[in-house]
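Visitor: I've got a structure loaded and I'd like to learn how to read it. Can you walk me through it?

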Amino acid sequence: MTEDNADIQKIVAFENAFDHLLGIADEEGGVRGNIIVQDCLQLLHNLLNYNVSNQNFFRETSGVQRLPNLLITDPSQTAAGRNGAPPLPESEDIEWTAQHARNML
């Protein structure tokens, strides 16, 4: 519904969707998360793609400032991690699954 209908996109966006979607994606681990993150990012894409009104609203509501935290791959570098999660050992590689790659794209 949100992919092609600008009116529905605006209604969803102005119901605080950006804040909710970014919050859910962050709670689920950002790009290291599961299919829930992929769904949130897809909906964000649908709401922002070719919709200048929603793009301006996203910028004005600090949505852009929240994006970098979603891209962090080391859990200790997130806001939750800074409050107690140990950093990954330097020798430990972060394994990228197909889901993580889809989330990043």
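Visitor: How many helices and strands does the protein chain have?

Guide: Helices (H or I, at least four residues) and strands (E, at least two) are DSSP runs, numbered from the N terminus. Here the protein chain has 7 helices and 0 strands, giving the pattern α-α-α-α-α-α-α along the sequence. Keep in mind that this is a predicted model, where local features need pLDDT of at least 70, side-chain atom pairs count only at pLDDT 80 or more, and totals for chains, interfaces and linings use all residues. Residues are numbered from 1 along each chain as its sequence is written, and side-chain values use heavy atoms, with hydrogens and water left out.

Visitor: What share of the residues in the protein chain is buried?

Guide: Buried means under 20% relative accessible area, exposed over 50%, and partly exposed in between (1.4 Å probe, protein chains only). Of the 105 residues in the protein chain, 30% are buried.

Visitor: Which residues have the most contacts inside the largest nonpolar core?

Guide: In soluble globular proteins, nonpolar side chains tend to be buried together. A nonpolar core is a set of buried Ala, Val, Leu, Ile, Met, Phe, Trp, Tyr and Cys residues joined through side-chain atoms within 4.5 Å. The largest one here has 13 residues, and those with the most contacts inside it are Phe 18, Leu 21, Leu 22, Ala 25, Leu 44, Leu 47 and Phe 58. H2 and helix H3 (35-48) are the elements giving two or more residues to this core.

Visitor: And where is Asp 26?

Guide: Look in helix H2 (residues 17-27). Asp 26 is partly exposed, at 32% relative accessible area.
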